[in-house]
Each structure stands twice: as C-alpha cells, then as structure tokens.
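Colleague: I would like to learn how to read a structure like this one. Please take me through it, feature by feature.

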Amino acid sequence: HLMPLLSLSLDDLIQAFGALERHGFLRASESSGNEGAYEFVHNLVRNAIYTSLSEPRRRLMHLKIARSLEEAKDAEKANAAEMAHHAASAGEPGMAASACVAAGRHCLRLFANAEAESLARRGYRYAEKLGDIERVQRFIELRQIEISARRPADAAATMQEIEKLANAALDNGSTEHARLAFQTLSYLRWEGGLWSGA
C-alpha cells in the first residue's frame, strides 16, 4: 500500500524499513489478517511521530492517501471506511461523505447492518459541511443506508424528513437522488402498511 504514496524505490523502501526495525520503531504486524504489514512498536512512538508533523503536512499526507485509495477504485470495497478517515483528516468532507456512502453500501451487501448504520451516522457529520446540493444528495444516500440497516424508531418523522429531502433534490435538479428518496419513502410506507401511499 505504501509504494504509490512514497517517492522511494523498492530497494530504498526495504532499507528504510530495515533501519526502522533495527532501531525498534517498527515490527511485523502480529494481528490476524494483517500479515505482511508493519506496525509501530508502541502507540507512544506512533503518536510522537504523528504529532511532530505540522498540521498542513498531516492534512496533505492524509489527502494523498485518500486519493490513492480513491484512484485504486477501492471505494466500493472494504477500505472505503479507511478512505473516509483519511479524507476527513485531510479536511475533505465531500470525499469523506462519499466514502462513507460507499463503505455503508458495502457493509449492507455483507449484512453488517450495525457497521453500515455507524458509517451513515459518521457520514452525516461530513455531509453537514457541504454546499446545499451535495449535502442533500449525500443525506439521501446516507438515509437510505440507515433505513436499509435498521427500521427507524419514528417512521412518521423519518418519512417527513425523506419527503423534504426528495423535494429539495427536485428543486436542485438532482432527479436521480429525488428518485432514490421517493423509492425509500415508498418502501417505508409499504413496510408501515400504507399501501396506497406507497
């Protein structure tokens, strides 16, 4: 994962990792599913290195990682949640909200509903910072994920909110998102026994 992010040759990278291992900063990861990866020997070391970077440099590093993950076309895969983290840390709420949508949809396909719901809630925080059109689009997508993950406690209030979002999407010319909102609204009405309204 590091090669596309660094301007080092493979030989230089191997030497750098060797030096960091010898000096006790890094070790081979012991967590299952993380074979072939490195981790810091201690969180204090990781935190000391991270906090020694200036804020602008940290943001640029996170942005580079987020863009690398996005270019790898992995946004629809499991590491979309990682992309959301890096995009948010880079100060890119649009990219972070979109990554939460992709990660949430991925979780729904895996029947990981609790994780999907958590990602949707996280996505709202990022989407709040967007302009009107994009905010409405992301809210519709996130609401659809949340409802697919778990039936809302207050269905009537949720239906009102989705109808408002659908109308806002129509006003903004976002017909695809308006269609998604009305489809979600129809699903909720059907589930609630409001068949003629559905």
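Colleague: Which residues is His-62 in contact with, leaving aside its neighbours within four places in sequence?

Modeller: Contact means heavy atoms within 4.5 Å. By that rule, and with neighbours within four places left out, His-62 is in contact with Tyr-50, His-85, His-86, Ser-89 and Ala-90. One caution: this is a predicted model, in which local features need pLDDT of at least 70, side-chain atom pairs count only at pLDDT 80 or more, and totals for chains, interfaces and linings use all residues. Residues are numbered from 1 along each chain as its sequence is written, and side-chain values use heavy atoms, with hydrogens and water left out.

Colleague: Where is the place of His-62? Is His-62 buried or exposed?

Modeller: Helices (H or I, at least four residues) and strands (E, at least two) are DSSP runs, numbered from the N terminus. His-62 sits in helix H3, residues 55-71. Buried means under 20% relative accessible area, exposed means over 50%, and partly exposed is in between (1.4 Å probe, protein chains only). His-62 has a relative accessible area of 8%, so the residue is buried. Look also at Glu-92, 30 residues from His-62 along the chain. Their C-alpha atoms are separated by 9.7 Å.

Colleague: How many helices and strands are there in the protein chain?

Modeller: The protein chain has nine helices and two strands. Read from the N terminus, the order is α-β-β-α-α-α-α-α-α-α-α. The protein chain has 198 residues, and 36% of them count as buried.

Colleague: How do I describe two packed helices?

Modeller: Two numbers do it: the angle between the axes and the distance between the axes. Axes are lines fitted to C-alpha atoms, for helices over the stretch in contact, and angles run from 0 to 180 degrees between N-to-C directions. Under 35 degrees counts as roughly parallel, over 145 as roughly antiparallel, 65 to 115 as roughly perpendicular, and the rest as oblique.

Colleague: Which kind of crossing does H6 make as it passes H7, left-handed or right-handed?

Modeller: A crossing is left-handed if the near helix is turned anticlockwise from the far one by less than a right angle, and right-handed if clockwise. H6 passes H7 in a left-handed crossing. For classes, Ala, Val, Leu, Ile, Met, Phe, Trp, Tyr, Cys and Pro count as nonpolar, Asp, Glu, Lys and Arg as charged, and the others, Gly among them, as polar. The contact of H6 with H7 has nine nonpolar, three polar and six charged residues.

Colleague: At what angle do H5 and H6 pack?

Modeller: At about 165 degrees, with axes 8 Å apart. H5 and H6 are therefore roughly antiparallel to each other. H5 passes H6 in a left-handed crossing. Among the residues in contact are Cys-100 and Cys-107 of H5, and Leu-119 and Tyr-126 of H6. By class, this contact has eleven nonpolar, three polar and two charged residues.

Colleague: What lies in the loop between H5 and H6?

Modeller: Phe-111 lies there, and helix H5 covers 93-109. Phi of Phe-111 is near 60 degrees, a positive value in a residue other than glycine. Phe-111 counts as exposed, because its relative accessibility is 72%.

Colleague: How do H4 and H6 pack?

Modeller: Helix H4 (residues 80-89) and H6 pack at about 25 degrees, with axes 12 Å apart. That makes H4 roughly parallel to H6. Ala-81, Ala-84, His-85 and Ala-88 of H4 make the contact with Leu-119, Arg-122 and Tyr-126 of H6. Their classes are five nonpolar, one polar and one charged.

Colleague: Last one. Where is His-177, and which residues does His-177 touch?

Modeller: His-177 is in helix H9, residues 175-191. Not counting residues up to four places away, His-177 touches Gln-137, Arg-138, Ile-140, Glu-141 and Ala-169. His-177 is buried, with a relative accessible area of 15%.
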